[in-house]
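I opened the model today to look up its confidence, its fold and a few packing details. My entries follow in the order I made them.

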Amino acid sequence: LSAERSWLNKCFIVCRPFQMVFGVVFILLALIIFVSLLLTCIDRILHGLGYKMGYALPKAQLPNPIDIVMVNTQKVFPLDYILISAIIMYWVFCSMAGIKQMGIWFFWIRMYKIRVQRTRPQALLFMCMILMLIVLTNNIMLYTLSPQYVTFGSQHYWKNETNLATNKTHVELVPCNLHAAQGECTMTRMSTLTTRFFYKVWFFGACYYWGTWAFLAVFLLGFIVSIVKGRRSAIEDEVESDDSDESDEELLRA
């Protein structure tokens, strides 16, 4: 085990410059995701159909950076699949890192710690259950992160507009939206299921929408705390990793 740790430490030292670069890239990606979710939430409350329709957005009015990139990259197969898979994996790995850092909590009670080769089986079961819920939430969160891509992709349709003054018809190629005539555009199965569910059970659609706002608030608070809070020392990390298995029992008894 010590030899394995020594080998890993040497690899980490060699990759230290790349870790800094990856850290900057991931922070920028997190900020872009935050901005995209924020713009979509603002757009849905300003131009959506209201809480009775689950705040469905007929047509995006505010520019969404991730949505714009995903719609344009769909024209180059399979670039959009690679990007959306990278975003999902980024969410999953960030969630795993957060669970490892915080441990398993029940409200204000810390039940288990997550440690390398020293995690209790009960903690692993809880961690797997939390990750399953996170993956399920990702399927719904994509609808807010990139609404146009998830709903219609890069589809377009010919829109006819008649000028009553001149009695002339103007034909324009526009991106698909919920205002399109039936048969002009095809919604994805995921967006169809989500929209119908939120329409029939509007309460869950409203809870999901305001839950996204809560997620943005927690993200912003955590980002500020991570910047202000001092970095943990190497001694604290070693004590945490070498902690005994009995410490979990002490946490539960406390």
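Confidence. I looked up pLDDT, the predictor's confidence in each residue from 0 to 100. The protein chain has a mean pLDDT of 79, with 83% of its residues at 70 or more.

Ground rules. This is a predicted model, so I note that local features need pLDDT of at least 70 and side-chain atom pairs count only at pLDDT 80 or more, while totals for chains, interfaces and linings use all residues. Residues are numbered from 1 along each chain as its sequence is written, and side-chain values use heavy atoms, with hydrogens and water left out.

Fold. I counted helices (DSSP runs of H or I, at least four residues) and strands (E, at least two), numbered from the N terminus. The protein chain has 10 helices and 4 strands, in the order α-α-α-α-β-β-α-α-β-β-α-α-α-α. For burial I used relative accessible area: buried is under 20%, exposed over 50%, partly exposed in between (1.4 Å probe, protein chains only). Of the 254 residues, 29% are buried. A contact means heavy atoms within 4.5 Å. Of the contacts between residues at least 6 apart in sequence, 64% join residues at least 24 apart.

Helices α2 and α4. How do helix α2 (residues 16–47) and helix α4 (residues 79–102) pack, and at what angle? The angle is about 105°, and the axes are 12 Å apart. Axes are lines fitted to C-alpha atoms, for helices over the stretch in contact, and angles run from 0 to 180 degrees between N-to-C directions. The two helices are therefore roughly perpendicular, a class that covers 65 to 115 degrees. From α2, F26, L29, A30 and I33 meet I87, Y90 and W91 of α4. The residues of this contact are 7 nonpolar, no polar and no charged (nonpolar being Ala, Val, Leu, Ile, Met, Phe, Trp, Tyr, Cys and Pro; charged Asp, Glu, Lys and Arg; polar the others, Gly among them).

S36. This residue also lies in helix α2. S36 is buried, with a relative accessible area of 0%. Leaving out residues up to four places away in sequence, S36 touches N64, P65, I66, T144 and L145.

Helix α7. In α7 (residues 189–200), the buried residues are S191, T192, T194 and F198. They pack against α5 (121–145), α6 (147–151) and α8 (202–228).

Definitions and conventions
Parallel < 35°, antiparallel > 145°, perpendicular 65-115°, else oblique.
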